[in-house]
Amino acid sequence: MLIHMNYDRLNDWLGRQAFFDLAMVVQFSREARHNVRVQLHRWVKQGKLLSLRRGFYAWPNRRQPPFLNPAELANALHRPSYLSGLWALSYYGLIPEKTTVFTSVTTRAPCRFENAVGLFEYRHVKAEAFFGYSTLDMADAKVLVARPEKALLDFWHLSEGAWSEDRMTEMRFQNVESVRERRLEQFARRFHSPRLLEAVRMWKKVAEDEREGTVIL
């Protein structure tokens, strides 16, 4: 039986959190972990809580700040991680498409979560490739996002096959002036990958064509 916790008390403890996990509830309630998990599961079934993944929750139909920020949630669902790949390329306007999938890289095992907030995908990179991100302010939240150069490299690295000039052109990259080529090369060398260095060479050629307004058929 839960002695210290009911729904109103949970709201008192964590009502100012956009999302929270099982460990936080156990810490505040001082109840046994198993009992807390069972009760939280009941509240999810009753529609009083949203389940974001196992042991991770949010308040449904929240009408007061802080509101749930999907990008911030992407960082929290699977730590350590930062947003990168297609999501970051879309965020920076480097590709014309808008993506609703929150793609991240992590040093942990790859995984995928789908919940009421969105679809979250995590791709694995080695510890030495986990760099090149910064903290951005997004709707009153602090979010870890790859720099434009690292988002490109992560995307190329995690996509199979060689990045030929034709393949690079098919991506329809835009706003190429936001990518610092010197930083792109420096970051690429840290992967120790001839394939990525060749991708950088192809990028520079395609980016130059884009800057000059050349149409490649």
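Let's start with a pair of strands: β8 (residues 133-138) and β9 (residues 141-146) run antiparallel and are joined by six bridges. Keep in mind as you look around that this is a predicted model.

Now hop over to helix α4, which covers residues 70-77. Is this helix mostly covered or mostly open? It's mostly covered, with six of the eight residues buried. Those are Ala 71, Leu 73, Ala 74, Asn 75, Ala 76 and Leu 77. The N-terminal end of α4 has a cap, too: Asn 69 places a side-chain oxygen 2.9 Å from the backbone nitrogen of Ala 71, and Ala 71 is itself buried.

On to the inside. In soluble globular proteins, nonpolar side chains tend to be buried together. Here, the largest nonpolar core has 54 residues, and the ones touching the most other members are Leu 153, Trp 156, Met 168, Phe 173 and Trp 203. Helix α9 (residues 194-212) is the biggest giver to this core, with seven residues.

Zoom in on Phe 173 and what does it touch? Leaving aside residues up to four places away in sequence, Phe 173 contacts Leu 89, Leu 94, Ile 95, Leu 152, Trp 156, Met 168, Trp 203 and Glu 210.

Technical notes. Residues numbered from 1 in each chain as written. Predicted model: local features only at pLDDT ≥ 70, side-chain atom pairs only at ≥ 80, totals over all residues. Heavy atoms only, no water. Buried < 20%, exposed > 50% of the residue type's maximum accessible area, 1.4 Å probe, protein only. Helix = DSSP H or I, 4+ residues; strand = E, 2+ residues; numbered from the N terminus. Polar contact = N/O pair within 3.5 Å; in protein donor to acceptor, adjacent residues only side chain to side chain. Pairing = 2+ DSSP bridges. Core = buried A, V, L, I, M, F, W, Y, C linked by side-chain atoms within 4.5 Å. Contact = heavy atoms within 4.5 Å.
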